[in-house]
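These are my notebook entries on a single chain model.

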Amino acid sequence: MRTRSTMLGLAAGAAALALVGTAVPAPAAEPVAPVTRWAERHAVPVPDDPARPGRDLLTVAAATAGARLIGLGEPGHLIGEVTELKARYLRHLVTYGGVRAVAFEMDWTAALPLNDYVLGRRDDLEAVLGTLEDIWQTTELRDLFQWLRRYNDTHAGDVEVAGAEYFATGLAAYDAVAAYVAANAPDRMADLESQYEWVEPENDDIGAHLGDYMAEPDKAPYVQAAYEVERIVASIDPGPGHEVVAHHARQIRFWYEAFSLPWGDIPTYRDARAAENVRWWQRHTDARTVYWAASAHVADAPRLTLTEPGEPDTVFASAGSYLEDWYGRGYVPIGFTFDHGTHRTGDGATVELPPALDGWFEQPLGDVDAERFVLRIDRAGPPAVRDWLDAPIVTRGRPEYGVASIAYGGTLDEWFDVVVHTQTVTPAHRL
């Protein structure tokens with residue numbers, strides 16, 4: 001698209017000079033890169049209105065046919081057009097593809113009231129969203145959650161949602177464990193309460209609780225107590241609700257274990273646990289499941305590196321790499337990319353995002369003559385395309401840092417099975 005605009009501008013200038021009698025040579029047409037030419041032949045455009053039907057829906061459906069788990073990965077949170085497209089394909093996969101479970105990149109306990117809303121057990125969506133991180137407080141996501149509620153209200157077979165993270169494990173997990181032990185093994189309550197003296201937060205201000213925990217020089221007793229809570233639940237004969245309560249206890253242990261680690265080890269621990277949580281949710285619901293998260297988590301990237309100005313590189317195995325190992329072809333990761341635009345950071349600042357740089361894998365897609373399109377990248381192509389797919393991948397890192405942050409590690413052929421590309425992006429709309 002940038003190339004075509006430049007050519008049109010040069011052609012117009014040449015025509016104007018010719019009118020005043022100045023002879024100028026016609027500008028030579030710039031050659032179209034082989035990857036761009038291939039992408040234009042295979043790209044399936046997305047309608048301007050994301051609510052309209054289109055062949056792109058069929059392309060996504062065909063690419064994910066037979067998969068038990070589908071990853072929808074975004075290059076950054078709070079990007080309006082990307083969120084709209086992810087919601088478009090999730091709606092289609094729910095309506096026509098049998099998806100009945102969604103695992104979001106949010107905390108497990110934070111997602112519990114959202115699941116209650118989607119299932120019709122509560123009606124105060126605005127209040128629910130107010131308890132979540134700001135990345136979930138947008139009109140685009142509110143509209144998606146309302147759609148899921150309407151779908152459940154009017155169709156047989158409910159769609160359930162869950163959080164795939166442990167990082168803000170709140171009192172809901174502790175309360176659920178205590179209620180289950182009291183009802184099913186009251187003789188173990190004294191033991192549970194003795195462990196809770198170490199680990200139970202005073203309230204739901206998990207940020208303050210984390211600060212207190214990080215200040216503790218010896219975290220081993222806390223980690224040990226968290227393991228004991230998990231063992232107490234495991235020692236009770238399984239009955240109704242046991243599986244979910246065991247998962248609550250697991251998140252408690254994850255939280256204490258994670259934040260006992262050196263800071264540089266947490267990303268690896270986090271994604272490994274997110275993968276376990278996604279797999280547990282898919283098995284628990286026994287349903288086709290969508291994993292909705294950042295591309296750094298969804299991609300099959302066992303050696304992903306993320307850079308950030310002034311900070312050491314973050315190196316970890318993505319959750320998607322574990323899911324690929326466990327599910328094989330039953331896991332289909334879809335990457336959402338863009339060429340340029342603007343991004344709003346968490347503190348409200350606007351960041352300009354220039355076109356993809358040379359060497360970034362999405363750079364050839366910026367010259368495709370379509371504003372938004374779906375591209376299956378598991379197709380055979382000419383040598384230049386194979387080289388593009390097999391080259392060491394480099395792409396955008398954290399959008400808030402513009403071109404100063406990149407992600408790399410692995411190849412495009414490994415990371416995704418499908419790419420959904422948008423040329424120009426703008427911030428999502430905050431509530």
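**Entries on the predicted model**

I note at the outset that this is a predicted model.

*Salt bridges.* I searched the whole structure and found 20 salt bridges. I then looked up individual pairs. Arginine 88 pairs with aspartate 56, and their closest N and O atoms are 2.8 Å apart. I checked burial for the pair and found both arginine 88 and aspartate 56 buried.

Next I took glutamate 230 and arginine 253, whose side chains form a salt bridge at 2.8 Å, N to O. Glutamate 230 and arginine 253 are buried.

I also recorded the bridge of aspartate 413 with arginine 386, with 3.9 Å between the closest N and O atoms. Because aspartate 413 lies in helix 17 (residues 412–415) and arginine 386 in helix 16 (residues 383–390), the pair ties together parts that are 27 residues apart in sequence. Aspartate 413 is partly exposed at a relative accessible area of 31%, and arginine 386 is partly exposed at 26%. A network of salt bridges with shared partners joins Glu105, Glu165 and Arg270.

*Positive phi.* Which residues have a positive phi although they are not glycines? I noted leucine 78, with a phi of about 65°, and aspartate 286, with a phi of about 50°. Leucine 78 sits in the loop between strand 2 (69–74) and helix 4 (80–97), and it is buried, with a relative accessible area of 9%. Aspartate 286 sits in the loop between helix 13 (266–285) and strand 5 (288–294); at 60% relative accessibility, aspartate 286 counts as exposed.

*Helix 5.* I counted burial along helix 5 (residues 108–118): eight of its 11 residues are buried, so the helix is largely enclosed by the rest of the structure. Among the buried residues are Trp108, Leu114 and Tyr117. Just after helix 5, glycine 120 adopts a positive phi of about 85°.

*Surface charge.* I found a negative surface patch formed by Asp48, Asp49, Glu84 and Glu371. Of these I followed up aspartate 49, which lies in the loop between strand 1 (44–45) and helix 3 (55–64). At 38% relative accessibility, aspartate 49 counts as partly exposed.

How values were computed: Residues numbered from 1 in each chain as written. Predicted model: local features only at pLDDT ≥ 70, side-chain atom pairs only at ≥ 80, totals over all residues. Heavy atoms only, no water. Patch = residues over 30% accessible without salt bridge, like charges linked within 9 Å, V, L, I, M, F, W, Y side chains within 5 Å. Areas by Shrake-Rupley, 256 points an atom, 1.4 Å probe, with all protein chains shown as cover. Salt bridge = Lys/Arg side-chain N within 4 Å of Asp/Glu carboxyl O. Lys, Arg positive; Asp, Glu negative; His and termini not counted. Charge placed at Lys NZ, Arg CZ, Asp CG, Glu CD. Helix = DSSP H or I, 4+ residues; strand = E, 2+ residues; numbered from the N terminus. Buried < 20%, exposed > 50% of the residue type's maximum accessible area, 1.4 Å probe, protein only.
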